[in-house]
Amino acid sequence: MKKIDLYTDGACSGNPGAGGWGAILIYNGIEKELSGGFPETTNNRMEIYAVLAGLNCLKTECDVTVYSDSAYTVNAVNNGWLKSWLQNGWKKADGKPVLNVDLWQELYALSLRHKLTFVKVKGHADNAYNNRCDALARAAIKALRQECAAGNGDIIG
């Protein structure tokens with residue numbers, strides 16, 4: 001299996017509000033940057049989406065280490081929440097529906113294809129790749145705002 005490092009970050013201007021995500025795939029010293037955004041979303045959705053965007057670029061089964069500053073994303077996998085939610089019909093321990101279930105279902109499906117290891121990194125600190133992903137996510141939000149200001153998209157508050 002190819003060994004891949006995947007750095008990810010999500011950002012939101014307002015929560016909910018305009019959101020962006022950034023990801024960097026690294027394989028054998030080659031880096032591929034990805035980014036995008038949505039006019040109305042949440043920070044948590046962007047954090048998960050960044051992981052999915054990176055994983056969906058992989059054409060074969062890979063051994064992927066995912067680096068994220070999102071405790072929500074990392075803990076959902078490392079603490080077994082994702083598997084519990086699946087077993088409980090996508091309900092949390094309190095019986096309430098899991099938020100972002102569409103993204104969690106996709107992440108679960110991808111976890112069956114790839115070997116995934118999630119590592120929590122400190123956000124806005126000394127991790128150059130996390131900082132770059134944050135910059136990509138924020139640039140995606142800025143691009144959305146510019147597109148909307150030019151009349152080419154939905155109005156963002």
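Student: How many bridges link strand 4 and strand 5, and in which sense do they pair?

Tutor: In this predicted model, strand 4 and strand 5 (residues 115-120) pair in the parallel sense, over six bridges. You can pick out one of the contacts yourself: T65 has T117 in strand 5 as its bridge partner.

Student: What pairs with strand 4 over seven bridges?

Tutor: That's strand 1 (residues 2-14), again in the parallel sense. Look for L6, which stands opposite V66 in strand 4.

Student: Okay, and which way do the side chains of strand 4 point?

Tutor: General idea to begin with: in a regular strand, side chains alternate between the two faces of the sheet. Now the case here: C62, V64, V66 and S68 point one way, while D63, T65 and Y67 point the other way. Both sets are buried. Seven of the seven residues of strand 4 (residues 62-68) are buried, so the strand is largely enclosed by the rest of the structure.

Student: Let's zoom out. In what order do the strands sit in the sheet?

Tutor: Read across it and you get 3-2-1-4-5, five strands in an open sheet with mixed pairing. Strand 3 (30-41) and strand 5 are the edge strands, each pairing on one side only. From one strand to the next, the twist averages 20°.

Student: Where does the antiparallel pairing come in?

Tutor: Check strand 1 and strand 2 (residues 17-27): they pair in the antiparallel sense over ten bridges. There, S13 stands opposite A18 in strand 2.

Student: Which strands does helix 1 touch?

Tutor: Helix 1 packs on the sheet and touches strand 1, strand 2, strand 3, strand 4 and strand 5. Its direction makes about 155° with that of strand 1. Helix 2 lies across strand 4 and strand 5, and runs at about 135° to strand 5.

Student: What about A18 and R145, how far apart are they in space?

Tutor: Their C-alpha atoms are 7.9 Å apart, although the two are 127 residues apart in sequence. R145 lies in helix 5 (residues 128-149) and is partly exposed, with a relative accessible area of 29%.

Student: Now helix 4. Which of its residues are buried?

Tutor: They're L103, W104, L107 and L110. These cover an arc of only 125° around the axis, which puts them on the same side of helix 4. What covers them includes helix 1 (43-55), helix 2 (71-78), helix 3 (81-87) and strand 5.

Student: What span should helix 4 have?

Tutor: Count 1.5 Å a residue: the 13 residues of helix 4 (residues 101-113) should span 18 Å. The end C-alpha atoms are 19 Å apart, which agrees.

Student: Last topic, rings. How many aromatic pairs are there?

Tutor: A search of the whole structure finds seven. Take F38 and Y49 as an example: the ring centres are 5.1 Å apart and the planes are at 80°, so the pair is edge-to-face. Planes over 60 degrees apart count that way. F38 lies in strand 3 and Y49 in helix 1, so the pair ties together parts that are eleven residues apart in sequence.

Student: Are those two buried, exposed or something in between, and what are the values?

Tutor: In between! F38 is partly exposed, with a relative accessible area of 30%, and Y49 is partly exposed too, at 28%.

Student: And which residues form an aromatic cluster?

Tutor: Y72, W81, W85 and W104 form one.

Technical notes. Residues are numbered from 1 along each chain as its sequence is written. This is a predicted model: local features need pLDDT of at least 70, side-chain atom pairs count only at pLDDT 80 or more; totals for chains, interfaces and linings use all residues. Side-chain values use heavy atoms; hydrogens and water are left out. Buried means under 20% relative accessible area, exposed over 50%, partly exposed in between (1.4 Å probe, protein chains only). Helices (H or I, at least four residues) and strands (E, at least two) are DSSP runs, numbered from the N terminus. Two strands pair if DSSP finds at least two bridges between them. The expected span of a helix is 1.5 Å times one less than its number of residues. The arc is that of the directions from the helix axis to the C-beta atoms. Contact means heavy atoms within 4.5 Å. Axes are lines fitted to C-alpha atoms, for helices over the stretch in contact, and angles run from 0 to 180 degrees between N-to-C directions. Rings of Phe, Tyr and Trp (its six-membered ring) pair if their centres lie within 6.5 Å; planes under 30 degrees apart count as stacked, over 60 as edge-to-face and the rest as tilted.
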